[in-house]
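Please keep the sequence and the model in view while reading.

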Amino acid sequence: MAKSKVKKNPVNNRRLMSRRTRSAIFWVIEILAALFLSLLFCVGFCYQVPVQDASMSTTLETGDSVLVNRVVKKAGSIARGDVIAYREGSGDKSDIHIKRVIGLPGETISIHDGIIVINGESYIEDRDLPKIVNAGLAKNDITLGRDEYFVLGDNRNNSEDSRFADVGNIAGQSVIGRVWFRISPRESLGFVR
């Protein structure tokens, strides 16, 4: 029995090879794009910071680990009520603290009878926090500069914050970003409000 020989068509082989090459190139490009976007996400939104003190209790506890959105700082969209991480002092080795933004650049802040006053109007927070016992420097009006924030800890009567001279107003350049997610302990995993 004679074997029939099938002639290979060089045009079809080139087309098949060309399709495979294009497919492989697109696959490599998709993987590289996914890696780049993942890296961008991690660098911008997943800067990990440990909570070092009880000034934000019960929102955040000592030993919790949180993620900080560093992109929001560059976009300049820090808002009242945001929980931010900032460096005390200059340099990358300085301590990182976490507090809640109360006063925004250009505003005048004071605290009278435990009530926060912003630009002459009482500020009522949407969370149940202890009444402020010690107004500190804020017993008198504090006017914030163009790039300054007034911050308080949620544990209002056990927090070193903008009410005290050793902390004062927080310069925008000291802000790392907005705290957005708690990653540990596991039972407290979730978004920070």
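Asp64 is buried, with a relative accessible area of 5%. Here buried means under 20% relative accessible area, exposed means over 50%, and partly exposed lies in between, for a 1.4 Å probe and protein chains only. The model is a predicted one, in which local features need pLDDT of at least 70 and side-chain atom pairs count only at pLDDT 80 or more, while totals for chains, interfaces and linings use all residues. Residues are numbered from 1 along each chain as its sequence is written, and side-chain values use heavy atoms, with hydrogens and water left out.

Asp64 is located in the loop between β1 (47-50) and β2. Helices (H or I, at least four residues) and strands (E, at least two) are DSSP runs, numbered from the N terminus. The side chain of Asp64 reaches the backbone nitrogen of Glu61 at 2.9 Å. Leaving aside residues up to four places away in sequence, Asp64 touches Val49, Pro50, Val51, Arg182, Ser184 and Pro185; contact means heavy atoms within 4.5 Å.

Asp82 is buried, with a relative accessible area of 13%. The side chain of Asp82 makes a polar contact with the side chain of Arg178, at 3.0 Å. A polar contact is a pair of N or O atoms within 3.5 Å; within protein, one must be able to donate a hydrogen and the other to accept it, and residues adjacent in sequence count only if both atoms are side-chain atoms. Apart from residues up to four places away in sequence, Asp82 touches Ser77, Lys99, Arg100, Val101 and Arg178.

When residues up to four places away in sequence are not counted, Pro105 touches Leu144, Gly145, Arg146, Asp147, Glu148 and Tyr149.

## Strands and their partners

The protein has two helices and twelve strands. Along the sequence they follow the pattern α-β-β-α-β-β-β-β-β-β-β-β-β-β.

Two strands pair if DSSP finds at least two bridges between them. The pairings described in this report are set out below.

| Strands | Sense | Bridges |
|---|---|---|
| β5 (residues 108-112) and β6 (residues 115-118) | antiparallel | four |
| β2 (residues 65-69) and β11 (residues 175-184) | antiparallel | five |
| β3 and β11 | antiparallel | three |
| β11 and β12 (residues 190-191) | antiparallel | two |

An open sheet is formed by four strands in the order β7-β6-β5-β8, with antiparallel pairing. β7 (121-123) and β8 (142-143) stand at the edges, each with a single partner strand, so one side of each is left without a neighbour in the sheet.

Strand β11 can be followed through its bridge partners. Leu67 has Phe181 in β11 as its partner, and Phe181 in turn has Phe191 in β12. Ile84 is bridged to Arg178 of β11, and the side chain of Arg178 also makes the polar contact with Asp82. A hairpin of five residues joins β11 to β12.

## Empty space

Rolling a probe the size of a water molecule over the atoms shows where empty space is left. On a 1 Å grid over the protein atoms alone, a cavity is a set of points where a 1.4 Å probe fits but cannot get out, and a pocket is an open set with protein on both sides within 12 Å along at least five of seven lines; lining residues have an atom within 4 Å of a point. A volume is the space filled by probe spheres set on the points.

How many cavities of 30 Å³ or more does a search of the whole structure find? The search finds one. The largest cavity has a volume of about 50 Å³, and its lining consists of Val51, Gln52, Asp53, Ser55, Met56, Ile96, His97 and Ile98.
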